[in-house]
Amino acid sequence: MNSPALAARRRRLDWPLIAWLTVIWMLLWSGLTWGNLISGVVVAVILCLAFPLPAVDLDLRLRPRGILRLAGYLLVDMVTSSVVVTRHALTGRRRPAAVLRVQLRCRTDLMIAATAVAVSSVPGGALVEVNAATATLYLHVSDADDPATAPRSRRDVWRLEALVVRAFGTREEIARIAADPGPSSPTGKESGS
């Protein structure tokens with residue numbers, strides 16, 4: 001089922017990608033020279049023709065207000081989490097840890113990946129595994145002996161997912177996150193460590 005139109009679409013040059021590869025090439029060769037620029041463009045074009053990327057429909061929406069809310073939330077969360085992690089490190093008290101399973105509401109790869117990146121960018125939010133097939137994140141959490149830790153951690157992930165979707169998601173995804181994420185398990189501990 002290889003049609004000429006499909007082959008032509010695969011061989012189409014992606015100029016933003018070529019520009020980005022050229023910039024990386026010049027950085028690798030330590031400077032902006034005509035030789036680096038020309039050789040970078042040539043190498044980028046050859047790479048794009050030899051290894052064409054599949055067409056990806058991102059279905060991405062950029063909502064400035066949502067992006068600002070997400071950035072603000074992440075900034076505050078990073079500062080707060082850094083203080084908490086530092087306090088835990090300085091007190092020296094060992095805290096029991098657990099792996100927590102959090103089922104996301106959005107099923108698209110882009111929203112799962114963006115939520116996972118946002119979760120892992122905050123100190124103390126160690127992402128253990130992402131299961132895209134089931135839209136599930138597995139997180140390493142400390143203070144597992146506190147019964148409020150698991151529900152609070154799940155709520156934090158769901159809030160972060162909602163902020164990501166409101167910043168980049170489609171209308172259908174925004175409607176999906178409006179639904180209640182569901183009850184969390186009584187202990188919240190899937191496996192201890």
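Reader: With which residue does R105 form a salt bridge?

Author: In this predicted model, a salt bridge counts when a side-chain nitrogen of Lys or Arg lies within 4 Å of a carboxyl oxygen of Asp or Glu. The closest N and O atoms of the pair that R105 forms are 3.2 Å apart, and by this rule the count comes to one salt bridge. The partner of R105 is E161.

Reader: Is E161 buried or exposed?

Author: A residue counts as buried when its relative accessible area is under 20%. R105, its salt-bridge partner, meets that limit at 11% relative accessibility. With a relative accessible area of 1%, E161 is buried.

Reader: Why do the buried residues of α3 line one face of the helix?

Author: Helix α3 covers residues 34-50, and its buried residues are N36, G40, A44, V45 and C48. In an α-helix, residues three or four places apart point the same way, because there are 3.6 residues a turn. On the other side of α3, W34, I38 and I46 are exposed. Seen down the axis of α3, the buried residues line one face because they fall within an arc of 160°.

Reader: Which helix do the buried residues of α3 pack against?

Author: The residues concerned are N36, G40, A44, V45 and C48, which are buried in α3. The helix against which they pack is α2 (15-28).

How values were computed:
Residues numbered from 1 in each chain as written. Predicted model: local features only at pLDDT ≥ 70, side-chain atom pairs only at ≥ 80, totals over all residues. Heavy atoms only, no water. Helix = DSSP H or I, 4+ residues; strand = E, 2+ residues; numbered from the N terminus. Expected span 1.5 Å × (residues − 1). Buried < 20%, exposed > 50% of the residue type's maximum accessible area, 1.4 Å probe, protein only. Arc of directions from axis to C-beta. Contact = heavy atoms within 4.5 Å.
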